[in-house]
Amino acid sequence: MVEKSLWTRRVEENPEHSHWYVQRFRTMAAAGEDLHGEARLVDAMVPRGARVLDAGCGPGRVGGELARRGHTVVGVDVDPVLIEGAEADHPGPTWLVQDLATLDLAAAGVTEPFDVVVSAGNVMAFLAPSTRGTVLRNLAAHLAPEGRLVVGFGAGRGYPFEEFFADAEAAGLRRDVTLATWDLRPWTPDADFLVAVLSRG
């Protein structure tokens, strides 16, 4: 049996957490805050009309913006409340309820690989530790031959960056670029955030 993600456990403890999370981004958007740093970086990496998998898409903030920029987007999240929020706020992409640890897009009729897979919003830190390697292998398996995986998460969240790098290597991924922010500041080992661009080795 697959271990429940830390996100799922949090929602089980507080069923209102997902609704709060959806509303949080609606409030930020209404206030005019810039919520699209991740999407800008990913958009710069691919040609128009690229295929994008938003892995751990939450309420659709990143995938929705990438769809508006002309890409074909599939978003996946384990939380049905977040997927409902994505469908309501960002119509257009394909939004699916699936666990990244047991990801099976073919079962949902999605069979083509992706030019880029993006996993933003600290998704990696919300995974159950026992599933981290499996998730990275699953995401790598959905990349086109020249596709890239873009992961962003913060330090101090229970997943040390060196462990992530080791897990990524074990999943057959190589590090192409490491950044400390979504606006391209260089990464150093003492950085408090990591944006890693990976490809299949």
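In helix H4, the buried residues are Arg-61, Val-62, Gly-63, Gly-64, Glu-65 and Leu-66, where buried means under 20% relative accessible area, exposed over 50%, and partly exposed in between (1.4 Å probe, protein chains only). The model is predicted, so local features need pLDDT of at least 70 and side-chain atom pairs count only at pLDDT 80 or more, while totals for chains, interfaces and linings use all residues. Residues are numbered from 1 along each chain as its sequence is written, and side-chain values use heavy atoms, with hydrogens and water left out. Helices (H or I, at least four residues) and strands (E, at least two) are DSSP runs, numbered from the N terminus.

Helix H4 covers residues 61-68, and because 6 of its 8 residues are buried, it is largely enclosed by the rest of the structure. The cover over these buried residues includes helices H2 (17-30) and H3 (37-45), together with strands E1 (51-55), E2 (72-77), E3 (94-97) and E4 (114-119). After H4 comes Gly-70, which has a positive phi, near 100°.

An open sheet is formed by 7 strands in the order E3-E2-E1-E4-E5-E7-E6, with mixed pairing; two strands pair if DSSP finds at least two bridges between them. E3 and E6 (173-179) are the edge strands, each pairing on one side only. On average, neighbouring strands of this sheet are turned by 20° against each other, direction ignored. Strands E6 and E7 (residues 193-200) run antiparallel and are joined by 6 bridges. Val-177 stands opposite Val-197 in E7. Helix H8 (residues 161-170) lies across E5 (143-154), E6 and E7, and runs at about 10° to E7. Axes are lines fitted to C-alpha atoms, for helices over the stretch in contact, and angles run from 0 to 180 degrees between N-to-C directions.

The largest nonpolar core has 36 residues. Such a core is a set of buried Ala, Val, Leu, Ile, Met, Phe, Trp, Tyr and Cys residues joined through side-chain atoms within 4.5 Å. The residues with the most contacts inside this core are Leu-53, Met-124, Leu-136, Leu-139, Leu-149, Phe-164 and Leu-173. Two or more residues come from each of E1, E2, E4, helix H6 (123-126), helix H7 (132-141), E5, H8 and E7. Apart from this core lies another, of 19 residues, including Leu-66, Val-116, Phe-193 and Val-195. Leaving aside neighbours within four places in sequence, Phe-164 is in contact (heavy atoms within 4.5 Å) with Met-124, Leu-136, Val-151, Phe-153, Tyr-159, Leu-194, Ala-196 and Leu-198.

The structure holds 12 salt bridges, each a side-chain nitrogen of Lys or Arg within 4 Å of a carboxyl oxygen of Asp or Glu. One of them joins Arg-26 to Asp-89, with the closest N and O atoms 2.7 Å apart. This pair links distant parts of the chain, since Arg-26 lies in H2 and Asp-89 in helix H5 (residues 80-89), 63 residues apart. Arg-26 is partly exposed at 34% relative accessible area, and Asp-89 is partly exposed at 32%.

A salt bridge also forms between the side chains of Arg-69 and Glu-65 (2.9 Å, N to O). Arg-69 is partly exposed, at 27% relative accessible area, whereas Glu-65 counts as buried at 11%. Arg-174 and Asp-176 meet in a salt bridge of 3.2 Å, N to O. Salt bridges with shared partners join Asp-43, Arg-48, Glu-65, Arg-68 and Arg-69 into one network.
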